[in-house]
Structures are given as structure tokens and as C-alpha cells.
Amino acid sequence: MVDEAGAGGARKILLVDDHPVVRTGCRRLLASAGGHVILEAENGARALELHGSEKPDCVVLDLGLPDMSGLDLLASIRALDPDARVLVFSMHEDPVFAARALDAGARGYVTKNDAPEELVAAVESVLAGDVYLSRDMARDVALMNHGPNRDPLRDLTPRELRVLAELGRGGAIGDIAERLGVSYKTIANTCTIMKTKLRAGSIRDLIRIAVERRLDP
């Protein structure tokens, strides 16, 4: 969906979220705050299509998409446009997700539990070329990065995080391989690498970590 309000020099913002209610609320909020042109995508494939055709000035991206990981989509967007300005807008308040998003090239991170004005401020900041984190999130990310209890999930690649999340949802290795379009051996090797990185003794330990951290594919 494209909202043409504000055409004629207005900045284009692409909202990527599979929940229509969320997109509607964000569209109204951002359009009224800045008169921007708002584009919408309900999944990663549509987001890539619109990004290629419309060249948005900013992408507001949810991490939990139906057809791919938001981090994988972020990587795909940046592969097409290294200067893309992507703001992650996620339900996850754990700073590990913010850190992973920033490491992948996002220009900011806002949670869906933040005040509406936080999203507006974040979009305007990213449009201006800055990086945006709320004060609390910036503190938590800094503590996680430099404190003695550095989160080992930060050492996982986007693909490894996706596999870990799928395990947490009860996916078998064969099913995960089919869903991601790779071989059984590839996913089995990924699990072996994750066990080393996370100091997990078994697949059951990986599942426990995913469930405890409430990872979302």
C-alpha cells in the first residue's frame, strides 16, 4: 500500500510489518508528524520489491516477518543499497536484539512498547543521518557490550539466530532445513557451531536457550 499524502518533495518511509493494525497506526502517526509519503509491505518479498522500485529514504522494519528473518531482510536491503537507512521497530526489549540490529547495519532501534513520540523522533533522527537508540536502550547495549556478562548471542550470525529461534519453536532439523532451503547437514553443522559459541551441550540446551530468550524467527 502507498499513501500519497505529502507528495512533492516529501520523504518516503517504507513500513515493513505483517500486522495491518500496526502498519495503520504507524502510517497515521508518521504521516501526521511529518507529512511523509508512507509505503507499506506485509512481508520481506514485498519490502524488497518496494525498496527497489520506490527507493525509500527510511525503512521501519519489524524483525518478525512471515517469510524471512528481519535481520536477513536488513542484510538484503543493505546488499542492494549500502547507504539504506533502516530503523528496526520490534516487540523485543532485550538489548541483544538492538545490538544485533546495529551490527547488521540498522541505524536505530525502537520497541513497540516505547511511547509513540519515540518512533517519530527515531524516524526523524535516522532521516537526518543519525543513529537512534532510546536512553535506556543505549545504556543497556553499552553495558552488554562492555560488561563482564557480555551476551553470547551477539556472536551468532543472523542465520544462526534464525535456526536457534526455529529450534525454540519446536522445529526439527529436517523441517528447518526445508524451510530455509538448505540441506540437513547444513543445519546440523549450524547447530554444532552454535553449541560451541553458546557453550551448550546438546540440542536440548539450544532449545532451552531459545525458549528462555523468547527468540522469534
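A residue counts as buried when its relative accessible area is under 20%. In this predicted model, threonine 111 has a relative accessible area of 4%, so it is buried. Threonine 111 sits in strand E6, which covers residues 108-111. Setting aside the neighbours within four places in sequence, what is threonine 111 in contact with? The list runs to Phe89, Ser90, His92, Glu93 and Met137.

Moving on to the helices, H2 (residues 44-54) packs against H3 (residues 70-80) at an angle of about 20 degrees, and their axes are 11 Å apart. Angles under 35 degrees count as roughly parallel, and H2 and H3 are therefore roughly parallel to each other. The crossing of H2 past H3 is right-handed. On the H2 side, the residues that do the meeting are Gly44, Ala47, Leu48 and His51, while H3 brings Leu73, Ser76, Ile77 and Leu80. Sorted by class, this contact of H2 with H3 has 5 nonpolar residues and 3 polar ones, with no charged residues.

Next comes the pairing of H7 (residues 158-168) with H8 (residues 173-180), which pack at an angle of about 135 degrees with their axes 10 Å apart. That angle makes H7 oblique to H8. H7 and H8 also cross in a right-handed way. Arg159, Arg162, Val163, Glu166 and Leu167 make the contact from H7, and Ile176, Arg179 and Leu180 make it from H8. How do the residues of the contact of H7 with H8 divide? There are 4 nonpolar and 4 charged residues, and no polar ones.

Note on methods
Residues numbered from 1 in each chain as written. Predicted model: local features only at pLDDT ≥ 70, side-chain atom pairs only at ≥ 80, totals over all residues. Heavy atoms only, no water. Axes fitted to C-alpha atoms, helices over the stretch in contact; angles between N-to-C directions. Helix = DSSP H or I, 4+ residues; strand = E, 2+ residues; numbered from the N terminus. Parallel < 35°, antiparallel > 145°, perpendicular 65-115°, else oblique. Left-handed = near helix turned anticlockwise from the far one by under 90°. Contact = heavy atoms within 4.5 Å. Nonpolar A, V, L, I, M, F, W, Y, C, P; charged D, E, K, R; others polar. Buried < 20%, exposed > 50% of the residue type's maximum accessible area, 1.4 Å probe, protein only.
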